[in-house]
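Thanks for coming. I will keep this short, and I will give each term its cut-off when it first comes up. Please have a look at the model first.

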Amino acid sequence: MKTMSNVDIFTVSHELHELLEGARVDKSFQPEKDTIIMRFHVKGLGRVDVVFQAGVRMHKTQYPLPNPKLPPSFPMLLRKHLKGANVVYIKQHYFDRVVEIKIKKDQIYTLVIELFSKGNIILLNEQREIILPLKRKKWSDRDISSKKEYVFPPKKGINPLNITKEELTELFKNSEDDLIRTLAKNGLGGTYSEEIVLQSEIDKEIQASELTANQIDIIYDKISGIFSPLKENRFKPNIVSNGKENLFPLELELYKYEKHRYFDNFNEAADEYYSKRVKSDIQNIQENIWKKKVGKFSKRLKLQTETLEGFKNTIKISKEKGDLLYAHYMEIESLLKVIHDARAKEYSWKEIAKTLTKAKKNGLKEAQIVESMDKLGNLILDIENMKIAIDSKISLPENAEVFYEKGKKAKRKIAGAEIAIENTKKRLKEMEEKKEIAMENIQVPQKRVRKELKWYEKLRWFLSSDGNLVIGGRDANTNEAVVKKYLDNNDIYLHSDIHGASSVAIKTEGNEFSDNTLKESATFAASFSSAWSKGYGTQDVFWVKPEQVSKTPESGEFVAKGSFIIRGHRNFIRGAILKIAIGIVDYEGKRVMAGPVDAVKKYTDNYVIVKPGYEKKEAIAKKILHEINEDKIISLDDVVRVLPSGKCDIVES
């Protein structure tokens, strides 16, 4: 896979700094050996995933890779030190393929992304000591191990953004290569070196040390001109197609007449470019895995078919040989008698063989069918152009019986061989069908498209079976919003009788509400409370009128954010069951809804019921998505978003 160039890294680092400065670090994942995904929360934008692939790439991604069930130690350490921290800055080191991400929590941490060679990802503490690298490495001048001071790799090449004419002249003067190789080896790479030479109109094979002062001036001006958009942040991200695709943050004369696809930012271009290759790699890996599985049965079938043909051929040849022995009974019997008489006179097998050879030369009729004889007395006969080996120590009928018995034995094996072949054909067909299904259902990264949420989708919500919209807070901020922004005079306020629960409101629109809606809302309030994560089966819930809900404390009291004071009589609903259903409903468009079973059942036949349990949200969400997402209209994130906080078990689907 193409490694990001120094120019790519400059551009992507600048864009990520603009995007993530001040962002909060969320979780980290390691979906593949050399790949880390870090999730950030950007104010006003929400979730942003960034992929770091050691030695290859770094960019924002909308193609999330599947995470392993058991996270490796490195992302867990990143979570421990960095979760909840804020990004200070992201910058490229010098103009090299190394990026520093400064992150502030209890101290200033540095995450170093090395994108040269096989690359690395390294977490440093405030003293720039290595806490843990993704990969431990050691060179004569660098030791990438825990508790060692981090040392940048030796500075190589030039920085085209601030190189002076004197530095360029010195570079050419000391070079032993031609112009193009000199530029390429000093940090500019092949493509940008070609671009510089193309625009300079100088022979690229000229020795760098032979360049004139005028030619150096031209090259210097072209370097300044080509890379000036980087200084001014005037990027033109594009993917060029010229037989194969290539990714650039600038427009190049080299590809002036090729097909271009332009993007709003380089991170988006890089995401499309690399994610396409990741998909292809996943498909190729799976294709090879299945090719081996199917190939195993194909090879077995070929071998079994050849064996069956061998049995049939053995039957045919063995019968022909036995029949030929009887067809030439007189000659062979006479020949065997001569041999037996010679052995009786104590002639050796060697002497007998010489005698037969001499007899054949002298035209003796019986000897004409003899091809050769070995030192054990085995005769090779040539009868009607067929070579037949017989034992001269036994009679002709006994020799013929050896061949007939061999044919019978092969015949007995045919039935078993045919059964084995049929079984293999069946297994091969099954494996080919499994391969076809597996290849169709390969889990390749799918683009995560940010949806415009309805106002109630930013909260917890469901539609009661009587048609009332019921909303609830997701956290302290949205609990405040439920009461202060969305709770109207005729609505009903509910809350679980436990610390840590959603503020829930039944939107009545000034109409009467039913006991059924009240009961469903109580189930909703109980399920989206801390009672779920505690594993309770039931929970008491109370309801009051909006005027009883206040943010004004008594003298000397304090009301925390998201909390409220309830004054007056509380109406209790005892033992609300913690159980919800998740399904796709058509409410102002298709969307996923989580609510009481009766409510969800009213609007869809396709739903999954969950209760407090032992399985993680992400694992349960995958199972739910598989059950309800027939039309592929929702994502895994959509399901995770509506589930209660805490582990779950599926009751029914």
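Some ground rules. This is a predicted model, in which local features need pLDDT of at least 70 and side-chain atom pairs count only at pLDDT 80 or more, while totals for chains, interfaces and linings use all residues. Residues are numbered from 1 along each chain as its sequence is written, and side-chain values use heavy atoms, with hydrogens and water left out.

First, the cores. In soluble globular proteins, nonpolar side chains tend to be buried together. A nonpolar core here is a set of buried Ala, Val, Leu, Ile, Met, Phe, Trp, Tyr and Cys residues joined through side-chain atoms within 4.5 Å. Buried means under 20% relative accessible area, exposed means over 50%, and partly exposed is in between, with a 1.4 Å probe and protein chains only. The largest nonpolar core has 65 residues, and the members that touch the most others are Ile471, Leu494, Ile582, Val610 and Ile624. A second, separate core has 43 residues, including Leu82, Val99, Leu115 and Tyr274.

What does Ile624 contact, leaving aside neighbours within four places in sequence? Its partners are Ile582, Val608, Val610, Val639 and Leu643, where contact means heavy atoms within 4.5 Å.

Next, the helices. Helices (H or I, at least four residues) and strands (E, at least two) are DSSP runs, numbered from the N terminus. Two packed helices are described by the angle between their axes and the distance between the axes. Axes are lines fitted to C-alpha atoms, for helices over the stretch in contact, and angles run from 0 to 180 degrees between N-to-C directions.

Take helix 7, residues 329-344, and helix 8, residues 349-361: their axes come within 10 Å and cross at roughly 140 degrees. The two are therefore oblique to each other. Angles under 35 degrees count as roughly parallel, over 145 as roughly antiparallel, 65 to 115 as roughly perpendicular, and the rest as oblique. On the helix 7 side, Leu335, Ile339, Ala342 and Arg343 meet Trp349, Ile352 and Leu356 of helix 8. By class, this contact has six nonpolar, no polar and one charged residues. Ala, Val, Leu, Ile, Met, Phe, Trp, Tyr, Cys and Pro count as nonpolar, Asp, Glu, Lys and Arg as charged, and the others, Gly among them, as polar.

The loop between helix 7 and helix 8 holds Glu346. Glu346 is not a glycine, yet its phi is positive, near 65 degrees. Glu346 is exposed, at 72% relative accessible area.

The other pair is helix 3, residues 165-173, and helix 5, residues 213-231, with axes that come within 10 Å and cross at roughly 120 degrees. Helix 3 and helix 5 are therefore oblique as well. Lys165, Leu168, Thr169 and Phe172 in helix 3 meet Ile216, Asp217, Ile219, Tyr220 and Ile223 in helix 5. That contact divides into six nonpolar, one polar and two charged residues.

Last, two single residues. Is Ser275 buried or exposed? Ser275, found in helix 6 (residues 266-327), is buried at 6% relative accessible area. Ile394 lies in the loop between strand 17 (386-391) and helix 9 (396-440), and is partly exposed at 25%. Ile394 and Leu336 are 58 residues apart in sequence and 8.5 Å apart in space, C-alpha to C-alpha.
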